[in-house]
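Good morning, and thank you for joining the group meeting.

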Amino acid sequence: MASPKTVPKDAQVMMQILKDMGITEYEPRVINQMLEFTYRYVTTIIEDAKIYSTHAKKSNVDADDIRLAIQCRVDQSFTSPPPRDFLLDIARQKNQTPLPLIKPYTGPRLPPDRYCLTAPNYRLKSLQKKVSSSAGRITVPRLSVGAVSSRPSTPTLGTPSVQTVGTKVGTPVSLTGQRFTVQIPSSQATSVKSATPTTPTVQNVLINPSLIGSKNILITTNMVSQNSSSDSTSLKRKHEDEDDYDAL
Amino acid sequence: MAAVQDGPMELDAEKEAKPEILSDGTSNLSGNTASGTLSSSPLTAAPAGGAPKMEDQQTLIAVLQFLKRNKLSESVEILRREAGLGEHQEGSQATDGSGGGKGDGDGGDANSLLSRVSITSAAAPQSMPVKKDQPDVSVVLSAYSQQGDPPLYQVYYSGLKNFIESVLDCHRAELSQLFYPLFVHMYLELVYNNHETEAKAFFDKFSGDQECYYQDDLHILCGLTKKEHLKGNEVLLDFRTSRFVLHISRDSYQLLKRHLQERHNNQIWNIIQEHLYIDIFDGMPRSKSQIDSMSGSLAGEAKREVNKAKVFYGLLKEPEIEVPLDDEDDEAENEEGKPKKKKTKKDSLGSKSKKQDPNAPQQNRIPLPELKDSDKLDKIMYMKESTKRIRLGPENLPSICFYTFLNAFQGLTAVDFTDDSSLLAGGFADSTVRVWSVTPKKLRKVKSAGELNVIEKESDDVLERIMDEKTASESKILHGHSGPVYGVSFSPDRNYLLSSSEDGTVRLWSLQTFTCLVGYKGHNYPVWDTHFSPFGYYFVSGGHDRVARLWATDHYQPLRIFAGHLADVTCTRFHPNSNYVATGSTDRTVRLWDVLNANCVRILTGHKGPIHSLAFSPNGKFLASGSTDGRVLLWDIGHGLMIGELKGHTDTIYALKFSRDGEILASGSMDNTVRLWDSMKAFDEVETDDFTATTGHIHLPDNSQELLLGMYHSKSTPVTHLHFTRRNLLLAAGAYNSQ
């Protein structure tokens, strides 16, 4: 620890506070943290107090302004847990309901989807530029949205085939949904499929936005990519993986 | 508990009834300070009409006397008419009945407390000592104010001190229990009423006399010198409103009562009545060591009737599972016929008797998830492993395998192992959770949906095919929390991992995709610990908001709230039969809660510091707890008694685990050691007779040295977690601390 002579007065005060509270062992950075906190807190309070005093058309900031500033800040930042009688009260209410029965054989037991974190948390923007129709290798769907860009989703998400696997293992289908954009009803998928042999993607892009929306554009490009050679898909897979890591 | 719970309800009823009476009363009193005081005081009015209870009767009489004393005759008439009181009833005074006034004082939040205090101190000057003939008026009206001059507090306290030092030895130890709660309450009253200098003087004079195990509390009190400081401190507010419980023998109590009632200033007596609960027992007064072993908590000891509820501590019956004979081990040397082998395997773990264990809960007492096929396979593995289990004992100590986390820089805050010891999870201060595979098998996650689509679904090894080999690694990092992760817990089926963090949420992670599934929000304050139920589906979490919550994975809100602790809940554990939850707290008590209705069935006091580790014995009968004071205490759950004290560690004990058959208790602490204790012997030596069963006073033998089987030092790695594998190998985990 730095010798008291070279330590500034504020830090000495902090050291004394720690000593008074009975704390004998602490890392040296604790003093710095305390100083930083003190500075930030005091300046916040004084700034607030200045605002209050100008509002009250006073020439100087006085103790009442400071008191008011402290009171307002206490409710915002230094909240304390609820008082005991309140806790006992809500506990009494909550504990009266009997424990719910457990439905058998429902797969993974998770709350309703909107309380889970398994839904996709991004939406893809519509494709702006033309996609080149070369070699079926579609790198262009730079559907530039935030962190996660091209993540071709196979519309197989909603299909039952995946689900059977899921039940065997016990993983919910919705888990995998985290990586994918959208579920489209299989009817749509099939219609898309039928529309596209290996034609350039541009046509599909033009057709579909009217149908479902921007999300589907990605799907359609996907469909084309799936029809292309497996090499490109595997290459594309790799590319996505890199994107994955970038996104993380 | 009941006292505090009923408090708020009473308070509300009285508050509502108040305005009626007062509106009549005040119309006749104009410009009278007393009336102003009365009308604004939120508490001390009598309920209107009806049949007032005994305490309310007393309050009414007290108010009448007050009005009379201030010569407010018209209001007296009106009040008497309204309340239906006759002339004769004013004469009745009961010194002990004034407890009713105190009942109103309990409960209520900080604001009402403060307003009450400021008003009653403005009430009629009470500087003179209370006269014997009118004790109830002032007592009722001054729920929290002092009744004497601040300088007189020192006189009162030293008077009591002198008295206690002059009594017989056998009573002195018991009456010395009074010092600490009286000291704290008197100090807090002085602070509340803004007598800062007197409070400081009082503190300086008498704080040195207190027991050594209260020193931490005294440090905190030392820093509280103003009323505002108390406002945000929920722990101390709870301390003020809850009653500190003392066990005193009848003889000692009579002595004390006689002494205090002889004197004219009943102030200490009033404090005792308001803030203390004296549980009187008939019998020999306790010795100092007995008292010391049981005291130390923030709320005194536990009332005897609290620990009398029946606890079903037995284990649930194991389901019968057929062990397939075709994959028997080749190493088995047993040459007996196959049917015999099969029978022994089935019965080795299940209960031998077909009858229901009277101490075990019903199978359907709480709803439990049914066994899936994968669970049945797990059980079969478990049974196989348990046949290879090493029998531990004083002659046969386990080997210890220590997993040291390097480069954690004091950031490792939580560790957990799966039951079959295949996975290890660490929670860190940088808000990440990392999962490692302890076996050579790497961690794999499920493939993405695109890839899943192309695999052959009907093949036999589909469960291996869905796993992504390309990203297999020894460890995986889980991001999601926004604060240090203080608790981690694996689910018994190894599919899920829970983590609780300082950001107030508990997160459920899938161990198949290594992503976060759910965030359970409820505590809005750091969650210090979480634990999955031994059967899965339920989990419990405890945090800074002083409650523990029971959740189910498929409900986004808690199912049960276990409220009652006075300070943060630092450790939560399920009982092996999943019907009870044990919580350890910073208020130095361990509480056992019933999952069915969230009743607190046991309060166990005796620790002198916050409790950081809990462990149930495998047979469900005993509980071990470790705290910052370096002691491990052993409790008999059925009786609610302390049956053992293991001294030896010099620093906080963060890890406690019983071996698989309960013969050895391993404890790991911040002093870089793992100690092994002979729990079999400790539990055998319990002697319970009628006296101990009724009063809970037990004399503990000081046999820690005999029970210590081994002590193992690590170089400079505090032990954060302990785990016995299914074959009774002890695994320990901790982060290397280079300082």
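Which residue stands opposite Asp636(B) in β25(B)? Leu641(B) stands opposite Asp636(B) there.

Some conventions come before the details. This is a predicted model, in which local features need pLDDT of at least 70 and side-chain atom pairs count only at pLDDT 80 or more, while totals for chains, interfaces and linings use all residues. Residues are numbered from 1 along each chain as its sequence is written, chains are lettered from A and ligands numbered from 1 in the order in which they are written, and side-chain values use heavy atoms, with hydrogens and water left out.

Let me return to the hairpin. Strand β24 (residues 632-636) of chain B runs antiparallel to β25(B), and five bridges join them; strands count as paired if DSSP finds at least two bridges between them. Four residues lie between β24(B) and β25(B), and Gly640(B) in that turn has a positive phi of about 75°. Strand β25 (residues 641-646) is largely enclosed by the rest of the structure, because six of its six residues are buried. Buried here means under 20% relative accessible area, exposed over 50%, and partly exposed in between, with a 1.4 Å probe and protein chains only.

Chain B as a whole comes to 24 helices and 31 strands; these are DSSP runs numbered from the N terminus, helices being H or I of at least four residues and strands E of at least two. Of its 739 residues, 58% count as buried.

Next, a helix. Helix α19 (residues 373-387) of chain B has 15 residues and reaches 22 Å from its first C-alpha to its last, close to the 21 Å expected at 1.5 Å a residue; the expected span is 1.5 Å times one less than the number of residues. The buried residues of α19(B) include Asp375(B), Ile380(B) and Lys384(B).

Ala733(B) is my next example. Ala733(B) belongs to strand β31 (residues 730-735) of chain B, and it counts as buried because its relative accessibility is 0%. Setting aside neighbours within four places in sequence, Ala733(B) is in contact with several residues, among them Phe402(B), Val415(B) and Pro718(B); contact means heavy atoms within 4.5 Å. Between the C-alpha atoms of Ala733(B) and Ala201(B), which are 532 residues apart along the chain, the separation is 48 Å.

Finally, chain A. Val13(A) lies in helix α1 (residues 9-20) and is partly exposed, with a relative accessible area of 39%.
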